[in-house]
Amino acid sequence: MSRRTSRPRQPAAPQAPRITPASPCPCGLTAAYGECCGRFHSGSAAAPTCEALMRSRYAAFAVQDAAYLLRTWHPETRPPGVDFDPAMRWTGLEILETTEGSAFHTTGTVTFRAHYTDDGRPDSLHEHSRFVRHEGAWVYATAVFVD
(Lines give C-alpha, C1' and ligand atoms only; values in the text may rest on other atoms or scores of the structure.)
Protein backbone atom coordinates (compact mmCIF):
# COMPACT_ATOMS: atom_id res chain seq x y z
CA MET A 1 0.00 0.00 0.00
CA SER A 2 1.35 3.46 -0.84
CA ARG A 3 1.48 6.25 1.66
CA ARG A 4 -0.42 9.39 0.73
CA THR A 5 0.54 12.89 1.77
CA SER A 6 -1.26 16.18 1.50
CA ARG A 7 1.73 17.80 -0.22
CA PRO A 8 1.23 18.52 -3.93
CA ARG A 9 3.73 16.82 -6.21
CA GLN A 10 6.28 19.13 -7.78
CA PRO A 11 6.92 18.55 -11.48
CA ALA A 12 10.38 17.21 -12.18
CA ALA A 13 12.82 19.77 -13.54
CA PRO A 14 13.64 19.13 -17.21
CA GLN A 15 16.94 17.34 -17.67
CA ALA A 16 19.69 18.28 -20.11
CA PRO A 17 19.32 16.43 -23.41
CA ARG A 18 21.04 13.05 -23.33
CA ILE A 19 24.23 13.29 -25.34
CA THR A 20 26.12 10.10 -26.16
CA PRO A 21 29.60 9.81 -27.69
CA ALA A 22 27.92 9.11 -31.06
CA SER A 23 25.60 12.16 -30.85
CA PRO A 24 26.35 15.23 -32.95
CA CYS A 25 28.60 17.55 -30.95
CA PRO A 26 26.69 20.51 -29.49
CA CYS A 27 29.54 22.85 -30.54
CA GLY A 28 28.37 22.68 -34.16
CA LEU A 29 31.34 20.93 -35.77
CA THR A 30 30.60 17.84 -37.86
CA ALA A 31 32.36 15.32 -35.58
CA ALA A 32 30.48 13.21 -33.06
CA TYR A 33 30.56 14.42 -29.46
CA GLY A 34 32.96 11.67 -28.33
CA GLU A 35 35.50 12.60 -31.03
CA CYS A 36 35.01 16.35 -30.62
CA CYS A 37 34.33 18.10 -27.31
CA GLY A 38 33.61 14.91 -25.37
CA ARG A 39 37.31 14.00 -25.35
CA PHE A 40 38.10 17.36 -23.74
CA HIS A 41 35.31 16.93 -21.18
CA SER A 42 36.57 13.47 -20.22
CA GLY A 43 40.14 14.75 -19.81
CA SER A 44 41.59 12.42 -22.44
CA ALA A 45 42.74 15.45 -24.48
CA ALA A 46 43.25 19.19 -23.95
CA ALA A 47 41.86 21.89 -26.21
CA PRO A 48 44.74 22.88 -28.54
CA THR A 49 43.43 26.40 -29.32
CA CYS A 50 41.31 28.99 -27.59
CA GLU A 51 38.57 28.45 -30.22
CA ALA A 52 38.54 24.72 -29.43
CA LEU A 53 38.29 25.58 -25.74
CA MET A 54 35.44 28.01 -26.43
CA ARG A 55 33.55 25.35 -28.40
CA SER A 56 34.14 22.76 -25.68
CA ARG A 57 32.93 25.16 -22.97
CA TYR A 58 29.78 25.87 -24.97
CA ALA A 59 29.25 22.10 -25.29
CA ALA A 60 29.84 21.76 -21.53
CA PHE A 61 27.01 24.20 -20.90
CA ALA A 62 24.83 22.19 -23.29
CA VAL A 63 25.54 18.89 -21.49
CA GLN A 64 25.70 20.55 -18.06
CA ASP A 65 29.28 19.55 -17.26
CA ALA A 66 30.05 21.93 -14.37
CA ALA A 67 33.32 20.18 -13.49
CA TYR A 68 34.76 20.85 -16.95
CA LEU A 69 33.64 24.48 -16.91
CA LEU A 70 35.32 25.07 -13.55
CA ARG A 71 38.46 23.16 -14.58
CA THR A 72 38.85 25.37 -17.68
CA TRP A 73 38.21 28.67 -15.87
CA HIS A 74 41.19 30.78 -14.81
CA PRO A 75 41.63 30.48 -11.02
CA GLU A 76 41.61 34.28 -10.59
CA THR A 77 38.12 34.63 -12.13
CA ARG A 78 36.62 31.18 -11.45
CA PRO A 79 33.37 31.23 -9.47
CA PRO A 80 32.84 28.74 -6.63
CA GLY A 81 30.30 26.81 -8.69
CA VAL A 82 28.13 26.74 -11.80
CA ASP A 83 24.33 26.74 -11.64
CA PHE A 84 22.35 25.56 -14.64
CA ASP A 85 18.92 27.02 -15.36
CA PRO A 86 16.63 24.02 -15.95
CA ALA A 87 14.48 26.05 -18.38
CA MET A 88 17.47 26.92 -20.63
CA ARG A 89 18.56 24.80 -23.62
CA TRP A 90 21.60 25.71 -25.72
CA THR A 91 20.69 25.36 -29.40
CA GLY A 92 23.63 26.59 -31.51
CA LEU A 93 26.99 28.32 -31.58
CA GLU A 94 28.39 30.80 -34.11
CA ILE A 95 32.08 31.70 -33.94
CA LEU A 96 32.27 35.24 -35.31
CA GLU A 97 35.96 36.07 -34.86
CA THR A 98 39.09 34.55 -33.36
CA THR A 99 42.34 36.38 -32.69
CA GLU A 100 45.57 34.59 -31.79
CA GLY A 101 44.94 31.61 -29.49
CA SER A 102 46.95 29.00 -31.41
CA ALA A 103 49.71 26.69 -30.19
CA PHE A 104 52.13 29.59 -30.77
CA HIS A 105 50.30 32.12 -28.56
CA THR A 106 49.78 32.70 -24.84
CA THR A 107 46.54 34.69 -25.20
CA GLY A 108 43.62 34.73 -27.57
CA THR A 109 40.08 35.96 -27.99
CA VAL A 110 36.90 34.48 -29.43
CA THR A 111 33.83 36.50 -30.32
CA PHE A 112 30.75 34.32 -30.60
CA ARG A 113 26.99 34.20 -30.49
CA ALA A 114 25.48 31.36 -28.45
CA HIS A 115 21.84 30.59 -29.22
CA TYR A 116 19.48 29.17 -26.62
CA THR A 117 15.86 28.87 -25.63
CA ASP A 118 14.68 29.99 -22.21
CA ASP A 119 11.41 28.33 -21.30
CA GLY A 120 10.94 27.73 -25.03
CA ARG A 121 11.62 31.35 -26.06
CA PRO A 122 14.61 31.77 -28.42
CA ASP A 123 17.37 34.21 -27.53
CA SER A 124 21.14 34.56 -27.89
CA LEU A 125 24.23 35.68 -26.02
CA HIS A 126 26.85 37.71 -27.92
CA GLU A 127 30.20 37.70 -26.14
CA HIS A 128 33.87 38.57 -26.67
CA SER A 129 35.86 36.13 -24.50
CA ARG A 130 39.53 36.29 -23.55
CA PHE A 131 41.58 33.13 -23.05
CA VAL A 132 45.07 32.68 -21.62
CA ARG A 133 47.45 29.82 -21.06
CA HIS A 134 47.63 28.75 -17.44
CA GLU A 135 50.06 26.01 -16.45
CA GLY A 136 50.36 25.14 -20.15
CA ALA A 137 46.63 24.78 -20.88
CA TRP A 138 44.10 27.18 -22.39
CA VAL A 139 41.65 28.58 -19.84
CA TYR A 140 38.79 31.06 -19.99
CA ALA A 141 39.78 34.34 -18.30
CA THR A 142 37.21 37.10 -18.86
CA ALA A 143 34.45 38.23 -21.18
CA VAL A 144 32.66 41.32 -22.37
CA PHE A 145 29.04 41.05 -23.48
CA VAL A 146 28.70 42.66 -26.90
CA ASP A 147 24.91 43.15 -26.99
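How many residues does helix 2 have, and how far does it reach from its first C-alpha to its last? Select residues 50-63 of this predicted model. Helix 2 has 14 residues and reaches 20 Å, close to the 20 Å expected at 1.5 Å a residue.

Next, colour helix 2 by burial. Twelve of its 14 residues are buried, so that the helix is mostly covered. Among the buried residues are Cys-50, Leu-53, Met-54, Arg-55, Arg-57, Tyr-58 and Val-63.

Proceed to the largest pocket, which has a volume of about 300 Å³. It is lined by 14 residues, and the closest to its centre are Phe-61, Phe-112, Leu-125, Glu-127 and Tyr-140. Helix 2 gives the most to this lining, with four residues, while strand 2, strand 3 and strand 4 each supply at least two. By class, the lining comprises eleven nonpolar, one polar and two charged residues.

Finally, turn to the second largest pocket, which holds about 260 Å³ of space. Select Ala-46, Ala-47, Thr-72, Ala-137 and Trp-138, the closest to its centre of the 18 residues that line it. Strand 4 gives the most to the lining of this second pocket, with three residues; helix 3 and strand 3 each supply at least two. The lining of the second largest pocket divides into ten nonpolar, four polar and four charged residues.

Terms used. Residues numbered from 1 in each chain as written. Predicted model: local features only at pLDDT ≥ 70, side-chain atom pairs only at ≥ 80, totals over all residues. Heavy atoms only, no water. Expected span 1.5 Å × (residues − 1). Buried < 20%, exposed > 50% of the residue type's maximum accessible area, 1.4 Å probe, protein only. 1 Å grid on protein atoms, 1.4 Å probe; cavity = no way out; pocket = protein on both sides within 12 Å on 5 of 7 lines; lining within 4 Å. Points joined across faces, edges and corners; volume = space filled by probe spheres on them. Nonpolar A, V, L, I, M, F, W, Y, C, P; charged D, E, K, R; others polar.
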